[in-house]
Amino acid sequence: MNAFQPQEIRVKIDVRHALLAVATVLDFVGVDDLHHGHRVAYMAYECANVLGWPDEKKQFAYFAGLIHDCGVSSSEEHLRLLKLMQPEDANSHSRRGYEALMKCPILDTFALIVLYHHTPWLELQSITIPEFDRDLAALIFLADRTDFLRARYTHGCHEELITLHEGLVADNLLAHSDVLFEHKMVEAMCQLVSKDGFWYNMEAAYIEQMALGFEANQLYDKELDIEGVKQLARFLARIVDAKSPFTFHHSDKVALLAKLVAKDCGVSDTDAELLYVAGLLHDVGKLKTPDLLLHKEGKLTKEEYSIIKRHTVDTDHTLKSFFPKSVIGEWASNHHERLDGSGYPFRKGPEQLDLPSRILAIVDVFQALTQKRPYRGSLPLQEILDIMQPMIDKGQLDAYVYGVLMADIDNFYRLSTQEFQA
């Protein structure tokens, strides 16, 4: 086995870049309507500017807009939100987003805004929450539905043609003033939608540059320590695992098992923590995978399997944007590689797969076999070992790591199958 050199490279990311990366991940869900979060962030910020809000509140509007749909995990649900001005069951994803944010202390200041971002103004006024959160929730709702109108009027045609429908967008917003939306915010938004340049600026790259040009703010410019990185990773893992009821908590369990096996293999505490983060995020690329494939009962066709395999590369690209110059993305994206070169996506061989990659590959297989899936129930331990041992014998998985797993197999099986405690 190749010698493993401990990683000295720090994981560097601040909250500002973390939120931009979260927005990119959420875009995977909206495959039919990309950059919704970016546009809502942009529109909320510009409207806050017209309203004369202070800089801190404007920045908050921007970042809340970026992540307001963090409770949406399926493309089907995303599409439902584009059907009606008041979509049915919109509060479900608002509640899920709120609960996920409340479990993430570095982002929990956005929780109330996300919870109420589909609450009509008439109702929102009577809810006892801080004025700051109420204003932000109302503005995000307005920006979100303005983007809904953009999607409606550009359906089937070039998106720049929204400029031909500026009057209709404004009429729709005004028709719901004081009922769905706060009237001063509607007036401010109508000033914006009447300008062609307002729509032409809705490019993701431009919108991200806005965030990088904001005034310094301690909330967003604080570099995360390893605990903050783990919070962020768990937040994203919950979004990934919520996409499919059959893989719920898979990422959490893989991360825990990878960390414990790594320590038993003699990996340093620092690298074991980085591997834990890689385990949490190893399937983040699956947010881009069509829902029907993840939920399919029975064997995948060759075409379907080809689509599924792409998630490893999407994971790699995503994590490199989160954690530049870090091994986290490489370890995470290697979890389907095999030592005999039969894995994917790059058919890597033993010289390209270090110890953490080998650990993650084994615990991913092990944990998946302990879970219920659409086509089978959870497998008993002996059946799992009967499946994994031939993979060891063929040289696909690492024999040393497997031996470490086997040395405490009953405990690992218990951890992998027990009810997860958040």
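A salt bridge here is a side-chain nitrogen of Lys or Arg within 4 Å of a carboxyl oxygen of Asp or Glu. Please bear in mind that this is a predicted model, in which local features need pLDDT of at least 70 and side-chain atom pairs count only at pLDDT 80 or more, while totals for chains, interfaces and linings use all residues. Residues are numbered from 1 along each chain as its sequence is written, and side-chain values use heavy atoms, with hydrogens and water left out.

The structure holds 15 salt bridges. One of them joins E273 to K230, with 3.0 Å between the closest N and O atoms. This pair connects distant parts of the chain, 43 residues apart: E273 belongs to helix α16 (residues 269-281) and K230 to helix α14 (residues 226-242). Helices are DSSP runs of H or I, at least four residues long, numbered from the N terminus. Both E273 and K230 are buried; buried means under 20% relative accessible area, exposed over 50%, and partly exposed in between, with a 1.4 Å probe and protein chains only. E273 and K230 also belong to a network of salt bridges that includes E227 and K259.

Next, consider R134 and D135, whose side chains meet in a salt bridge at 3.9 Å, N to O. R134 is partly exposed, at 22% relative accessible area, whereas D135 counts as buried at 10%. K286 and D283 form another salt bridge, with the closest N and O atoms 3.8 Å apart, and both residues are buried.

I turn now to the backbone. Where is the peptide bond cis, with omega near 15°? That bond runs from Y344 to P345, and P345 sits in the loop between α20 (328-333) and α21 (355-370). D178, which is not a glycine, has a positive phi of about 70°; its place is in the loop between α9 (166-175) and α10 (183-193).

Finally, the helix pair. The axes of α22 (residues 381-393) and α23 (residues 399-407) come within 10 Å and cross at roughly 155°; axes are lines fitted to C-alpha atoms over the stretch in contact, with angles from 0 to 180 degrees between N-to-C directions. The two helices are therefore roughly antiparallel, the term for angles over 145 degrees.

Thank you for your attention.

How values were computed:
Angles under 35 degrees count as roughly parallel, over 145 as roughly antiparallel, 65 to 115 as roughly perpendicular and the rest as oblique.
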